[in-house]
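Subject: Handover of a structure

Dear colleague,

Please find the structure below, together with an account of what was found in it. I would ask you to keep the view open while you read.

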Amino acid sequence: MNALQAFAIALAIKLPFGLTPEAFKTIMTPLKGHPAAMPADTVPFEGCVPAMGYHYAKPQDVPFGPFYGYYNGRAVFTEVMIEKKEFERGRSWNELLKPLPGYAIDHADIWFEPFGHPGYRIPHYDLHAWYVPHNVHMKFCGNVSGKRPPYL
Amino acid sequence: MIQRFVFSCLTLAAAASLLAAAPAPQPPGKLPPGMTPALLKMMMTLPKGPVPSMMPAGTVPVSGCIPTMGYHYAKPSNFPFGPIYGYYNGKATFTEVMVDKSLFAKGSNWDEILKPLPGYKIDHVDIWYESHGHPGYTIPHYDVHAWYVPHSVHMAFCGNTSGQRPPYLM
């Protein structure tokens, strides 16, 4: 996607709070080539998401997951996205999150996305099992503040 | 999960009547589905002796042996949300939080909600819905366990030979 296309899409979809056309372009531009750290049968979803990195999943596993994160040459998380309605209904999941082979889970974050985000536009929870410390991934994709962006 | 079973007056009363050497067998009364007096006793019997060395300072036992889970330890000030730590057969086995269902309905966020104890690795995460809660935490809530052992291993903890989730933990 070039800058003009990103700007046109940004105008067309009304960007969420705090999201600039430049950040939108970063988020929407996938990496070229397939990182060795990502499972072979996964494909990229979106580009570099601030505080998260790049997302990969098997197409048939979208939108629930598992998604796998990639940043700077290594795998960085396992994620699932759970519709808020599922929690309201009362649901159970076994072995919901597992690390990729060779990686260890440092911590889990649970973030509520009241308006969803590009790729999953309904109220839902992002559950990330991170392989890196919190203060490390919070700065991914040029998120220099280390704070959770308002559009997430 | 049923930790803190022991601290419920109602449960204690029920257990007293069930475990006493009563001349005639008592009906199970208000025991949850699938629960037996023997299971109840096991789940209510706190581990004896010092707190295992890998448990964080300030934690105390808050359950007996809970089928599919093991023993639970927590700092009293962190109860009921957690973190709560699991112990079985000489090893730490999980980090857990218990999340009120209404918090999910409201829309909540938690950073670093689950972290493994030093020297342990998280194998997988299970999320179990407790529709009626349980004694000690009697509101509808989610048990979120970050397990250090494989699923098939902890599902057999505390003599749960079926390996299935017991109906009284649903």
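Which residues have the most contacts inside the largest nonpolar core? In this predicted model, they are Tyr70(A), Val76(A), Tyr131(A) and Tyr73(B), in a core of 66 residues. Strand E4 of chain A, residues 74-83, gives the most to this core, with 6 residues. As general background, nonpolar side chains tend to be buried together in soluble globular proteins.

Next, the contact between the chains. Chain B contributes 25 residues to the contact and chain A contributes 24 residues. On the side of chain B that touches chain A, the elements giving two or more residues are helix H3 (101-106), strand E5 (110-114) and strand E6 (124-130) of chain B. Of these, E6(B) gives the most, with 6 residues. Sorted by class, that side of chain B has 13 nonpolar, 6 polar and 6 charged residues.

Strand E5 of chain A (residues 93-97) is joined to E6(B) by 2 bridges, and the two strands run antiparallel. Within this pair, Trp93(A) stands opposite Ile127(B), while Leu97(A) stands opposite Val125(B).

Helix H2 of chain B, residues 37-44, has four names to locate in the view: Leu39(B), Leu40(B), Met43(B) and Met44(B) are buried. Seen down the axis of H2(B), the buried residues fall within an arc of 125°, so they line one face of the helix. In general, an α-helix has 3.6 residues a turn, so residues three or four places apart point the same way.

Finally, the confidence of the prediction. The predictor gives the complex an ipTM of 0.88 and a pTM of 0.86. Chain B has an average pLDDT of 85, and 81% of the residues score at least 70. Over residues 1-26 of chain B, however, the pLDDT is below 50, and this stretch has 46 contacts in the model beyond near neighbours in sequence.

Yours sincerely

Definitions and conventions
Residues numbered from 1 in each chain as written. Chains lettered and ligands numbered in written order. Predicted model: local features only at pLDDT ≥ 70, side-chain atom pairs only at ≥ 80, totals over all residues. Contact = placed C-beta atoms within 7 Å. Nonpolar A, V, L, I, M, F, W, Y, C, P; charged D, E, K, R; others polar. Pairing = 2+ DSSP bridges. Core = buried A, V, L, I, M, F, W, Y, C linked by C-beta atoms within 7 Å. Buried ≥ 20, exposed ≤ 12 C-beta atoms within 10 Å, placed from the backbone. Arc of directions from axis to C-beta. pLDDT = per-residue confidence, 0-100.
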